[in-house]
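Please keep the structure open while reading.

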Amino acid sequence: MRFNEDAELDVSQVEDLRGSGGGVGGRVAIGGGGLGIVGLVLYFLFSQFGGVDLPAAPSFGLDQVERGGRVDNARLAEECRTGADANAKQDCALVAVINSIQGYWKQQFAGSGRTYQAVPTNFFRGGVNTRCGSATSDVGPFYCPADSEVYIDLGFFTELRQKFGAQGGTFTQAYVLAHEYGHHVQNLLGTSRQVRGNATGPTSGSVRLELQADCYAGAWANHATTTPTSSGKPLITQVTQQDINGALDAAGRIGDDFIQSQLGGRRVDPSQFSHGSSQQRQKWFTTGLRTGDPGSCDTFRTNDLG
C-alpha cells in the first residue's frame with residue numbers, strides 16, 4: 001500500500017490522547033461494533049462457557065486516559081503533513097487511511113442526497129472513557145455510537161500479528177479502521193437501531209451488523225485509489241493483491257469460530273456467534289471489494305450470509 005507523496009493529510013480527523021494522564025475503571029465496553037479481539041476472547045471464556053457476566057476490567061497500570069482528557073495533536077500535525085510522511089510512519093499512514101475512508105463516505109452520502117458527518121478516531125494507550133463506558137486496550141478497536149467516535153490503541157496491531165498470527169501490514173490496519181467506520185455509517189443510516197438486545201447466532205442481528213461493516217470496508221477498498229480527500233487528490237496510489245490477501249487473512253483470524261476454537265480452546269458453538277465466522281467475514285469483505293457498491297452490503301435482507 002502506497003500513498004500519494006504530494007497529497008496533504010488532515011490530522012484534525014484524529015484525536016491523539018496518548019499523552020494524557022488519568023486512570024480508567026469500570027467495565028470493558030464489549031460491543032459498540034468493534035473488532036474487539038482480545039475482549040471477545042474474554043467474553044467467550046467468561047460469558048459463554050462460564051455462564052457469568054463479564055467482570056470489571058482490571059487496571060494494568062498503563063498510561064490511561066479519561067474521556068475529555070487533553071487531546072494533543074501537536075506531534076501528529078508536525079510529523080504528518082503529506083503522503084510522503086504516510087509512506088514513512090505508521091501514525092501518519094493511519095491518518096491518511098482515515099482521511100481516505102471518510103472522503104469515500106462523504107462522496108457516497110452526497111451522491112444519495114445525504115450529508116456525511118465526519119468523526120475522529122481516538123488514538124489512546126492503555127484505557128479510555130467514552131460515552132459507551134470505559135474500556136481497556138483488551139477490547140480492541142471499537143466504535144461508540146453514543147459519541148459517534150472510533151477508538152483504538154495502536155498496540156492492537158502488534159497483538160494481531162503476535163497472538164493471532166495475522167500477516168499484518170498497513171492495509172490490514174486500514175481494513176480494521178474501515179470496519180469501524182462502517183459502524184459509523186450504520187449509525188448515521190439508522191441501521192444499528194435494527195439490532196436490539198444481545199441475541200447471538202450465525203444469522204443474528206449482531207452478526208448481520210458486523211458482516212455489513214466488513215462489506216462496507218471492502219467497498220471503500222475498491223475505491224481507495226480513486227477517492228479524493230480535502231486536498232483534491234486521492235491519498236492512496238496503490239493497493240496490491242498482497243495487501244488484499246493480508247486483509248482477508250486478518251478477517252479469517254477474527255471470525256467467531258477461529259476465536260472459539262483457536263484461542264478459547266473450545267468446540268465451535270455457532271449459537272454464540274456475534275461477529276460471524278471466518279468464512280462469512282471474508283465473504284462479505286470480498287463482496288464489497290468486488291462490487292465497490294455499498295448497496296451490495298445489505299446483510300439484513302438475505303438468507304445466505306455464507
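Two strands count as paired if DSSP finds at least two bridges between them. The model is predicted. In it, four strands form an open sheet in the order β2-β3-β7-β6, with mixed pairing. The points below start from that sheet.

**Sheet**

- β2 (14-16) and β6 (142-144) are the edge strands, and each has a single partner strand, so one side of each is left without a neighbour in the sheet.
- From one strand to the next, the twist averages 25 degrees.
- β2 and β3 (residues 121-123) run parallel and are joined by three bridges.
- Asp16 has Phe123 in β3 as its bridge partner.

**Helices on the sheet**

- α4 lies across β2 and β3, and runs at about 170 degrees to β3.
- α6 also packs on the sheet, where it touches β3, β6 and β7 (149-152).
- The direction of α6 makes about 25 degrees with that of β6.

**Helix pair α8 and α10**

- The axes of α8 (residues 241-253) and α10 (residues 278-291) come within 8 Å and cross at roughly 145 degrees.
- The crossing of α8 with α10 is right-handed.
- On the α8 side, the contact is made by Ile244, Ala247, Leu248, Ala251 and Gly252.
- On the α10 side, the residues are Ser278, Arg281, Gln282, Phe285, Thr286 and Leu289.
- By class, the residues of this contact are six nonpolar, four polar and one charged.

**Cavity**

- With a threshold of 30 Å³ or more, the count is one cavity.
- The largest cavity holds about 30 Å³ of space.
- Its lining consists of Phe157, Leu160, Arg161, Gly168, Gly169, Thr172 and Gln173.
- α5 (156-162) and α6 (170-189) are the elements that give two or more residues to this lining.
- α5 gives the most, with three residues.
- The lining of the largest cavity has two nonpolar, four polar and one charged residues.

**Second largest pocket**

- The second largest pocket contains about 270 Å³ of space.
- It is lined by 17 residues, of which Leu189, Thr191, Gln212, Tyr216 and Pro294 are the closest to its centre.
- At least two lining residues come from each of α4 (90-111), α6 and α7 (205-223).
- α4 gives the most to this lining, with three residues.
- Eight nonpolar, six polar and three charged residues make up the lining of the second largest pocket.

Notes:
Residues numbered from 1 in each chain as written. Predicted model: local features only at pLDDT ≥ 70, side-chain atom pairs only at ≥ 80, totals over all residues. Heavy atoms only, no water. Axes fitted to C-alpha atoms, helices over the stretch in contact; angles between N-to-C directions. Left-handed = near helix turned anticlockwise from the far one by under 90°. Contact = heavy atoms within 4.5 Å. Nonpolar A, V, L, I, M, F, W, Y, C, P; charged D, E, K, R; others polar. 1 Å grid on protein atoms, 1.4 Å probe; cavity = no way out; pocket = protein on both sides within 12 Å on 5 of 7 lines; lining within 4 Å. Points joined across faces, edges and corners; volume = space filled by probe spheres on them.
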